[in-house]
Amino acid sequence: MGERVHKSLLNAEVNLFFYFLTLFLTFFSRKIFLDNLGAEFIGLTGTLSNILGYLNLSELGISACIGYFLFKPLQTNNRKEIQDILSLLGYLYNWIGSIIFVAAVIVSLFFPLIFSNAGLGLGIIYFAFYSFLGSSLIGYFINYRQVLLSADQKNYLVAIYYQSANLVKLGLQIYLAYHYKNLYLWVAIEFIFGIIGCIILNWKINKEYPWLHVDKKQGKQLLKQYPEIITKTKQVFIHKIKDFVLVKSDELFIFLFVSLKMVAYYGNYMIIVSKLISIFSAVTGSVGASVGNLVAEGDKERMLKVFWEYTTIQHTIAATLTFSLYAFLEPFISHWLGSEYIMDNRILILLVIYIYITNSRNSVDAFNYAHGLYADVWSAWAELIINVGGTVICGLKWGIIGILLGKLASLIPIVVIWKPYYLFTAGFKESIRTYWQNIIRNYAISAFAIGSSLCITHYIPFSPYRTIGNWIAYSAIGMIIFLIIDLSATMLFAKGAKDCLYRIKNIRKQ
């Protein structure tokens, strides 16, 4: 238990360090890129990344399953089994990488039609696409062993080397964009640093696991030895397709239903959202592997105790994200990029509702994953069909607002209702009534804290739109108000809150 907590803490510390190091540079670079490279080009990069995301759907499920099957051999230090599982992963990834490359070439043949109104030349579109494709394929042919670091709770190593390279890359791109305004140079740097990051990360993996010898050629024989990996992968595959469409396809739908420029506008919002989520993910990011090791031990009482601690944390995080985004995002956009980049307030309302649901679900997802509960493929299909159908119908009529409505329509029946039921009945083997009796408190606490804080902040005697100093003061006062209300209510009424506080107080002693 102590080792698991130590690794989680180390991951959190390293991730937080790099988070704050990159925060300013990310916002500064976005402004430079928009001013010097254009909103159309920034929208293009987001759209191309989403197209590649769809091509990468053939991978979805494999790395998650491999991580699940690595928990026990890592716990027992079974090096032979670890090497066999990674050899199987390397074999499967070779095939997937080849399929993605062929599919990408075919898709790129239609770019003259797809981007006929993009306002950019086909030369830069093809150059950017194939550069992004090359960076993506590196992960399949070379970087696949990275999954071992994640399963072994050593993501801090990935953060140290990957984020360091990313900082240098961003700095170089800012310099080149400002002085030369050359789109090709920007893309070239993106590709070159993908290669550099790959080389450095693999060197570190070899140093960390000198005994690790992977033989992709054995993959075909190993498929027969581990048939459960293929069975589980097929189940996870459907769930991951659903997750991708729900989370990653916004920019592609906006491009199809609205415009390439609005992809960049929406992307500005999502940069802020992702950075806020990242600060909490930096702390909880390694919990998935930790929960996996906990479930492997089989102590049900401890599992339930940790589940409610983690659930309380995730609902607090979700409420904090929701309040801070709704109260402070629009004035920040005004100071950062200009008031012309502020979108319809209804978009923000729907966005924060979506963010609350998706971030408060993380504890249920982590324990479902740790139990290997992916057999409910029907639920993934149902969520996918509702989401895509709703997005297309509503998106055509209401644009970005409709796209977000489509996303929300699929979350309630599956994420909010079904997934907890599945975990408690098939995983914990407990009554679902226990879950709802306690989770309703979390929803009530969040609603009360957000609503009352928003009402109180209206009485702050200055506007956050006037100056950046006003915005900082307004945000600081608003967050203090919210945290006092939310944390007080959480400690009084949320299950697991007191256990969580005790753990935090003693975490350094473990």
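**Exercise 1.** Is Phe-307 buried or exposed?

*Solution.* The model is predicted, so local features need pLDDT of at least 70 and side-chain atom pairs count only at pLDDT 80 or more, while totals for chains, interfaces and linings use all residues. Residues are numbered from 1 along each chain as its sequence is written, and side-chain values use heavy atoms, with hydrogens and water left out.

Step 1. Recall the classes: buried means under 20% relative accessible area, exposed over 50%, and partly exposed in between (1.4 Å probe, protein chains only).
Step 2. Phe-307 counts as buried because its relative accessibility is 0%.

**Exercise 2.** Determine how the rings of Phe-307 and Phe-424 are arranged.

*Solution.*
Step 1. Rings of Phe, Tyr and Trp (its six-membered ring) pair if their centres lie within 6.5 Å; planes under 30 degrees apart count as stacked, over 60 as edge-to-face and the rest as tilted.
Step 2. A search of the whole structure finds 30 aromatic pairs.
Step 3. In the pair of Phe-307 and Phe-424, the centres are 5.6 Å apart and the planes stand at 75 degrees, an edge-to-face arrangement.
Step 4. The two partners are 117 residues apart, with Phe-307 in helix H15 (residues 300–336) and Phe-424 in helix H19 (residues 400–427). Helices (H or I, at least four residues) are DSSP runs, numbered from the N terminus.
Step 5. Phe-424 is buried too, at a relative accessible area of 1%.
Step 6. Ring pairs join both residues to Trp-308, Phe-367, Phe-428, Tyr-435 and Trp-436 in a cluster.

**Exercise 3.** Describe the surroundings of Ser-410 and Lys-407.

*Solution.*
Step 1. Ser-410 belongs to helix H19.
Step 2. Ser-410 is buried, its relative accessible area being 0%.
Step 3. The side chain of Ser-410 reaches the backbone oxygen of Lys-407 at 2.9 Å.
Step 4. Lys-407 lies over the face of Tyr-354, at 4.2 Å from the ring centre. For a charge to sit over a ring, NZ of Lys or CZ of Arg must be within 6 Å of the ring centre and within 35 degrees of the ring normal.

**Exercise 4.** Which helix supplies the largest share of the lining of the second largest cavity?

*Solution.*
Step 1. On a 1 Å grid over the protein atoms alone, a cavity is a set of points where a 1.4 Å probe fits but cannot get out; lining residues have an atom within 4 Å of a point.
Step 2. The lining of the second largest cavity holds 15 residues, and Ser-360, Arg-361, Val-415, Tyr-435 and Tyr-443 lie nearest its centre.
Step 3. The largest share, four residues, comes from H19.

Conventions
Helices (H or I, at least four residues) and strands (E, at least two) are DSSP runs, numbered from the N terminus. On a 1 Å grid over the protein atoms alone, a cavity is a set of points where a 1.4 Å probe fits but cannot get out, and a pocket is an open set with protein on both sides within 12 Å along at least five of seven lines; lining residues have an atom within 4 Å of a point. A polar contact is a pair of N or O atoms within 3.5 Å; within protein, one must be able to donate a hydrogen and the other to accept it, and residues adjacent in sequence count only if both atoms are side-chain atoms.
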